[in-house]
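Subject: Structure handover

Hello,

Please find the structure below. Notes on what was found in it follow.

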Amino acid sequence: MSAGDPLLQMSLRVEQDIFLVRQRGREVAAAVGLEHQDQVRLATALSEVARDLLRIVGGADVAFHVVHGPDGRRALRVDLTPASPLPGGRYEPQSGAVARLVDTLGVTSAEGDTVVRMSRRVPAAAQALTEVRLAELRAELGHSAPGSALDELATQNEQLIAALDEVRSQRDELAVLNAELEETNRGVMALYTQLSEELEETNRGVVALYAELDEKSAQLRTASESKSRFLANVSHELRAPVTAIIGLGRLLTDSASDPLTPEQSEQVELIRASAADLLSLVNALLDLAKAESGRIEPEWADVDLRAVFGQLRGTLRALTNRSAVELVVEEPPAPAVLRSDEVLLSQVLRNLLHNALKFTERGEVRMTAQRDDERWRLSVSDTGVGIRPELHERIFEEFYQVPGASRVGGTGLGLPYARRLVTLLGGTLELTSEPGRGSTFTVVLPASGA
Ligand code: ADP
């Protein structure tokens, strides 16, 4: 630190000097640019220390300096050199709060003397304290006549009142703030309560919905299981008597039996035809019930598509012998082998070919096989009546037949069964069709098998 000549020096010997030291301290603080609050703080600390020193050692010499702090900032420093040595060379302000009014306060030795030293930093925004300015200040402070103790008391009173006012207004502000805070808190609490109530309500709703959903799906499962069981049981029970009826009909029309009148044989023929329809319905129902209950397990093996196609070509050709429909079964491209279940796959393709022939009056029914990297596409296309787009999904429902289609016979169970089987084989059954032009049903299977 560097300190030139003091800005001001004065001595403290009698009670009245305390007021003077205080008053001049404030003047110096103001002159070097301390803010108003800091002026009061420094003056108060100074008068407290002055009072202590007067009592303990009978007074002191007071010197005001402007110095450079270690951070490069200026500070106002006050040195109080005691009139006689401090007991034990130590000093503690009587009021503990004094040290908080300034930046530093302590006992230090300067030029052989023990001095009580305090300092307060000058704000950076203050007017620059050049040597010229300091000289000016020295001159000004030297000239200005100190006021009386009474003046200082009056000033001190004013300051006290101002400080009190400030405290009061701060307290009022605080009270307002507190009230606002309380209000906000209440609002937040209310909102929070409302939100958590709403959340709880929503949660209850969701839980109830889930419970209902579980219950419904359990019911659905049970219903579907009982439907399959019912179908399987009834079909099974029906099969024996229906087969018996067919057998009896055959017996009645047998050449070995008594001859029937033409009318009787016509009626017996009707009974036989109806029984045969009934039997195919019962068989279809049994198949479907079996597939739905998961009792059909594909037997995976390498299936030679050429063999499958050849067999279907052979068995179905008979159906087209006397019709205006040509059946074309193309040769699948080699290597025509895939992993699947030959029986189930043949069943599906036969079903599709049967339908195609059934719903086509003229033109052709064509079966093809194509393969790309991942899939086999086995298509059965016809030039028949076609299916309206809005029915493309419905025809896969059990018992659904396009209105008018039942004329050509059938149960409405073939396609749902075929789709089930294709799903079991790991594939899909797709349809494209245009009414009046024909339909194409395509079995799409993974080339690597399921
Ligand atoms: P079914 O053939 O025993 O009536 P399906 O389930 O096999 O039962 O077929 C359902 C319905 O879909 C048929 O009744 C028919 O209306 C329609 N359908 C199926 N295949 C074809 C086709 N190739 N061309 C036109 N309509 C078809």
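**Leu231 and its contacts**

Apart from neighbours within four places in sequence, Leu231 is in contact with Leu285 and Ala289, contact meaning heavy atoms within 4.5 Å. This is a predicted model, in which local features need pLDDT of at least 70 and side-chain atom pairs count only at pLDDT 80 or more, while totals for chains, interfaces and linings use all residues. Residues are numbered from 1 along each chain as its sequence is written, and side-chain values use heavy atoms, with hydrogens and water left out.

Leu231 belongs to helix 4 (residues 149–253); helices (H or I, at least four residues) and strands (E, at least two) are DSSP runs, numbered from the N terminus. Leu231 is buried, at 14% relative accessibility (buried is under 20% relative accessible area, exposed over 50%, partly exposed in between, with a 1.4 Å probe and protein chains only). Leu231 and Ala289 are 58 residues apart along the chain, with 6.2 Å between their C-alpha atoms.

**Residues 150–198**

An unreviewed UniProt entry places the feature "coiled-coil region" at residues 150–198. UniProt positions are given in the numbering used here, feature names are shortened, and annotations may be inferred rather than shown by experiment. In the model this stretch is 100% helix and 0% strand, and its end C-alpha atoms are 71 Å apart.

**Nonpolar cores**

A nonpolar core is a set of buried Ala, Val, Leu, Ile, Met, Phe, Trp, Tyr and Cys residues joined through side-chain atoms within 4.5 Å. The largest has 51 residues, and those with the most contacts inside it are Leu305, Phe309, Leu349, Leu378, Phe441 and Val443. Helix 7 (residues 342–358) supplies the largest share of this core, eight residues. A second, separate core of 37 residues includes Leu12, Leu42, Leu86 and Val122.

**Aromatic pair**

The structure holds one aromatic pair. The ring centres of Phe396 and Phe441 lie 6.5 Å apart with the planes at 65°, so the pair is edge-to-face (rings of Phe, Tyr and Trp, the latter by its six-membered ring, pair if their centres lie within 6.5 Å; planes under 30 degrees apart are stacked, over 60 edge-to-face, the rest tilted). The pair links distant parts of the chain, 45 residues apart: Phe396 is in the loop between strand 10 (375–382) and helix 8 (414–424), and Phe441 is in strand 12 (residues 438–446). Phe396 is buried at 10% relative accessible area, and Phe441 is buried at 7% relative accessibility.

Arg419 lies over the face of Phe396, 3.7 Å from the ring centre; the criterion is NZ of Lys or CZ of Arg within 6 Å of the ring centre and within 35 degrees of the ring normal.

Regards
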